[in-house]
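Colleague: I have not worked with this model before. Could we go through the terms used for it, one at a time?

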Amino acid sequence: MDSAEVVVVGLGAFGSAALWRLAARGVNVIGIERQAIGHEFGSSHGSTRLFRVACMEHPGLTPIAQKSLELWTELGEQTGDTYVRQTGSLNVGTSSSRPVEGSLRAATEAGAKVAELSHHELRNRYPQYGLAESDVAVWDPAAGICYAEPTVRAHVAEAERLGARVFPHTMVTGIQFGTDGLIVRTPTVDFTAGQVVVCAGAWLGKLVPELPLTPRRTPMFWFEPKDPESVAFRLERFPAFIWEFADGRGLWGHGSGDDFLVKVGLDGAVQAAGFDPDNLDRYIHPQDDFGALADAISHAFPELDPQPVKVIPCMVTDSPDGQFLVGRCEDRLLIAGGDSGHGFKHCAGLGELLAQITTKEAPFTDASFIDPSRFGPVALTNPPPTAVRGARHARPSQGRRGS
Ligand SMILES: Cc1cc2nc3c(=O)[nH]c(=O)nc-3n(C[C@H](O)[C@H](O)[C@H](O)COP(=O)(O)OP(=O)(O)OC[C@H]3O[C@@H](n4cnc5c(N)ncnc54)[C@H](O)[C@@H]3O)c2cc1C
């Protein structure tokens, strides 16, 4: 039996950030991850994610993205790496579309600076777009892209430097009440913890039952321009965007850089939903997976080759209202999940929030809109026992990385 003040289960985007922010406070914390750190079997793989500040999904997200930016900037100053590249982003659609109206509302409520672009300005500045006459845009200058796998690895490395202990390749098989805290069970060793933060992504519902979460298969796609010499789709000229068409379909993406390709996805594309994440279909089915996306791209960006050059299956975990479930559920249990496809940019901010809730500090922002209890009480199914029964007493091997 090993023990810590806090155990974080799952070290993807959310869990790695929580581990880092807890370690930064000097908390005795252990992180457990069933795969390697920064792997491609969950939701946080690939090189990049869109980083937006004026978030159309909810005005309350803007302070969380701003906190991520602040923390990643500090981390970058220390490590010499870049975690966010602020090239700005475009929220495109009709004036009443979600990207335009939602990002304006979020910016106004949070006092974030944005600029409105008329149809004429948009067309002149971004000739790559096959715009409809009604399209306008909101320019979010603090936005850009953030780096996915490298950031997860950096969170964990920094947490370890600050004293966190990390157990990769270790699967948590259950979380139960013990006499002095929670027991986190794995096949090799059990851990006792004063508090447990479960950040298991698409697997969250397997460890904490009865959560209203639905994993969705969502491949990631990368593209190249038809003309290999073209620079029109480089990130500096083709920054991050979200675009809602008049017919309700939507595209999101960003341009290429020295070590990443043009990335474009179809909003809300559902290939499969509600499956067991252990059985994610990792094969690519051209027609089902990118038939509709290729069709949308050929209209939206006529100079981009609509056939992807790279595809990797990924998962989004949807909640009923499209917002995360982050916060305390029971006395000793916290969860962070339900990313709903827009969580990466917020992960450092959410990690800070989880650390504040765990250590009973005042949270940096009002997070009631992502409180897990908005869908009803969340609980572990086993009641607190009077004595710990059945805990295994295996010895953890030294140097868990790669074991
Ligand atoms: C195609 C696509 C595009 C996206 N684009 C954007 C974007 O542009 N901008 C943006 O902000 N967000 C975006 N997202 C969303 C973002 O990637 C997710 O919100 C984020 O990665 C979710 O992180 P997570 O920590 O919840 O999940 P994960 O990264 O999957 O982490 C969960 C971890 O828990 C581990 N785990 C599970 N069960 C156990 C267990 N029993 N024991 C131990 N470990 C366990 C898993 O192995 C995994 O490492 C996108 C997502 C997809 C799929």
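**Strands, ligand and helices**

Modeller: This is a predicted model. Strand β11 and strand β12 (residues 190-198) pair in the antiparallel sense, over 4 bridges.

Colleague: What makes β11 and β12 a pair?

Modeller: Two strands pair if there are at least two bridges between them. β11 and β12 have 4 bridges, so they count as paired. Within this pairing, Leu 182 stands opposite Ala 193 in β12. β11 and β12 form a hairpin, with 4 residues between them.

Colleague: Which way do β10 and β11 run, parallel or antiparallel?

Modeller: Strand β10 (residues 174-177) and β11 run antiparallel and are joined by 4 bridges. Gly 174 has Arg 185 of β11 as its bridge partner. β10 and β11 also form a hairpin, again with 4 residues between them.

Colleague: How do you know that both faces of β11 are covered?

Modeller: In a regular strand, side chains alternate between the two faces of the sheet. In β11 (residues 182-185), Leu 182 and Val 184 lie on one side, Ile 183 and Arg 185 on the other, and all of them are buried.

Colleague: Why is Arg 216 called buried?

Modeller: Buried means under 20% relative accessible area. Arg 216 has 11% relative accessibility, so it counts as buried. Arg 216 belongs to strand β13 (residues 214-217).

Colleague: What joins the side chains of Arg 216 and Asp 318?

Modeller: A polar contact of 2.6 Å joins these two side chains, Arg 216 and Asp 318. The cut-off for such a contact is 3.5 Å between N or O atoms.

Colleague: Which residues are closest to the ligand?

Modeller: The ligand is surrounded by 35 residues, and the closest are Glu 33, His 39, Ser 44, Arg 49 and Leu 50. By class, 17 residues of the shell are nonpolar, 13 polar and 5 charged.

Colleague: Which atoms in the side chain of Ser 44 are 2.4 Å from an oxygen atom of the ligand?

Modeller: An N or O atom in the Ser 44 side chain is at that distance, 2.4 Å, from a ligand oxygen. A polar side-chain atom of Asp 339 is 2.9 Å from an oxygen atom of the ligand. For Gly 343, a polar backbone atom is 3.0 Å from an oxygen atom of the ligand.

Colleague: How much of the ligand does the protein bury?

Modeller: The ligand taken alone exposes 1000 Å², and the protein buries 98% of that. The elements giving two or more residues to the shell are α1 (13-24), β3 (48-51) and β20 (315-318).

Colleague: Why is α1 described as largely enclosed by the rest of the structure?

Modeller: Of the 12 residues of α1, 11 are buried, so this helix is largely enclosed by the rest of the structure. Among the buried residues are Phe 14, Leu 19, Trp 20 and Arg 21.

Colleague: What span does α2 have?

Modeller: Helix α2 (residues 62-79) has 18 residues and reaches 25 Å from first to last C-alpha, close to the 26 Å expected at 1.5 Å a residue. Buried residues of α2 include Ile 64, Lys 67, Trp 72 and Gly 76. Gly 80 follows α2 and has a positive phi, near 80°.

Terms used. Residues are numbered from 1 along each chain as its sequence is written. This is a predicted model: local features need pLDDT of at least 70, side-chain atom pairs count only at pLDDT 80 or more; totals for chains, interfaces and linings use all residues. Side-chain values use heavy atoms; hydrogens and water are left out. A residue is near a molecule or strand if one of its heavy atoms lies within 4 Å of it. A polar contact is a pair of N or O atoms within 3.5 Å; within protein, one must be able to donate a hydrogen and the other to accept it, and residues adjacent in sequence count only if both atoms are side-chain atoms. Accessible areas come from the Shrake-Rupley method with a 1.4 Å probe; for residues, only the protein chains shown count as cover. Ala, Val, Leu, Ile, Met, Phe, Trp, Tyr, Cys and Pro count as nonpolar, Asp, Glu, Lys and Arg as charged, and the others, Gly among them, as polar. Buried means under 20% relative accessible area, exposed over 50%, partly exposed in between (1.4 Å probe, protein chains only). The expected span of a helix is 1.5 Å times one less than its number of residues.
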